[in-house]
Amino acid sequence: MTEAIEIEEQFNALRSLIHQGDISQFRDIFLDWHVYEQGQFYLSLSDEERQTVYSFLSPTELADMFDMIEEEEEDVQEYLAEMRPSYAAAMLASMYPDNAADILKQLDKPTLAQYLSIMASEKALDLKELLHYEDETAGSIMTTEYVAIVANQTIKSALNLLKKKAKNAEIIYYIYVVDELERLVGVISLRDLLVGEDDEMIETLMNERVISVKVADDQEDVAQVIRDYDLLAVPVIDYEDNLLGIITVDDIIDVIDDEATSDYSGLAGVNVDETTENPLKASSKRLPWLITLLFLGMSTATLINHYEVLISEASILAVFISLITGTAGNAGTQSLAVAVRRLAVSDDKDESFFKLVISELLTGLLTGLITGLVIFIVVGFWKHNFILGFVIGIAMLCAIIVANLAGSLIPMLMERLGFDPAVASGPFITTLSDLTSVLIYFNIAGLFMNFFVG
């Protein structure tokens, strides 16, 4: 709390310098901050205050900050619209290409064309190449600012080249080695370059076994590669092994965060990033799911109404409807979460399918047996009717097994159809479990009516 207060005080002090028009002191303080702190301060400013900041800072200085905030703010285009087109274009040109491309993808075509036409032709060409890759692929998140050397040169010449290119490279811990056709043939670490002899050839030191990804690979697969091999960056190649760019670990962290947010949103049936939205906008995003689930819930109500005669003859059955549907819904949601996670980390989808089905069937059987046994004993003693307890217990067992299978099979089916399995959301699985649980419950109860009616 103390740290938050201190940061707020610093923000207020810097904001005062904006209002005073003290450009010199503002720059001394602001440029001494970490780019994350700069970004948080920028996001806290009013429209008028940001206009002053644009006059205080050069496009290049602002670009360093936008490299940090562009992933966090969906409406960056609104900030660009505040700037002069030439200023905005210069700032985008000074950013890392992958980050600038992410912003440009959010813009309408006329604005995008305007910015690209203002930029230097070489920079605009680099960005155009990144923009044509499909979203959520390796090509869409890679950067073209890396250092590449050739195998038939000495360490001394490689270090001289590195000194010239390091300033514009996003990462220099790995230096990639290419042949005369720009094909990736090896990698060498900065440490090996620094400790090697000046006249030693690169080809004698480089590691020829390079972990790389294809330009069309899904970003989740790229994240898995970087995690598995504990890399700081991974090269991106085309299908002829030409080196196109690199993906750094900071971009992968953003990917992991985005994928986790997407999964949470799917499981909850709501956008979990809407915490800062106004109530009207948040409601408009939640209502479609809620209305859809409302109509699905009506099918459950209709089914219960179908068994109205059964309930009128044994009203005690109505007491346990919510107990069975709720427990089955919870079991289905648990199964769904496990299934989505297994799909995300498993490489062998076919083996994962059968393992998951068998595993969830056995899990549902075991949890259903224990839960059913507990409710059988509780209801038997509570209502002094162990036949009723048996009906509730068997219904609970069957409902949990079905819910577990639904929670695991539905995301598997959606994944095979090419949809994100996380959109088989928790509310949807819960509603489906309600429907099947009611059907199971009353059909089993109907078989034993004579034992607890009258």
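Which residues does Phe-26 touch, not counting residues up to four places away in sequence? In this predicted model, Phe-26 touches Leu-14, Leu-17, Ile-18, Phe-41, Val-53, Phe-56 and Leu-57.

**Nonpolar cores**

Phe-26 also belongs to the largest nonpolar core, a set of 40 residues. Phe-26, Phe-66, Leu-80 and Met-83 have the most contacts inside this core. Helix 7, residues 85–94, gives the most to the core: six residues. A second core is separate and holds 28 residues. Among them are Phe-320, Ile-392, Met-396 and Ile-444.

**Aromatic rings**

The whole structure contains 18 aromatic pairs. One of them joins Tyr-42 and Tyr-54. Their ring centres are 6.3 Å apart. The planes meet at 50 degrees, so this pair is tilted: stacked needs under 30 degrees and edge-to-face over 60. The two tyrosines lie in separate helices, as the table shows.

| Residue | Helix | Relative accessible area |
|---|---|---|
| Tyr-42 | helix 3 (residues 35–43) | 1% |
| Tyr-54 | helix 4 (residues 47–56) | 7% |

Tyr-42 is buried. Tyr-54 is buried as well. Because Tyr-42 sits in helix 3 and Tyr-54 in helix 4, the pair ties together parts that are twelve residues apart in sequence.

**A charge over a ring**

Trp-382 has a charged neighbour. The charged end of Lys-383 sits over the Trp-382 ring, 4.3 Å from the ring centre.

Technical notes. Residues numbered from 1 in each chain as written. Predicted model: local features only at pLDDT ≥ 70, side-chain atom pairs only at ≥ 80, totals over all residues. Heavy atoms only, no water. Phe/Tyr/Trp six-rings, centres within 6.5 Å; stacked < 30°, edge-to-face > 60°. Helix = DSSP H or I, 4+ residues; strand = E, 2+ residues; numbered from the N terminus. Buried < 20%, exposed > 50% of the residue type's maximum accessible area, 1.4 Å probe, protein only. Lys NZ or Arg CZ within 6 Å of the ring centre and 35° of its normal. Core = buried A, V, L, I, M, F, W, Y, C linked by side-chain atoms within 4.5 Å. Contact = heavy atoms within 4.5 Å.
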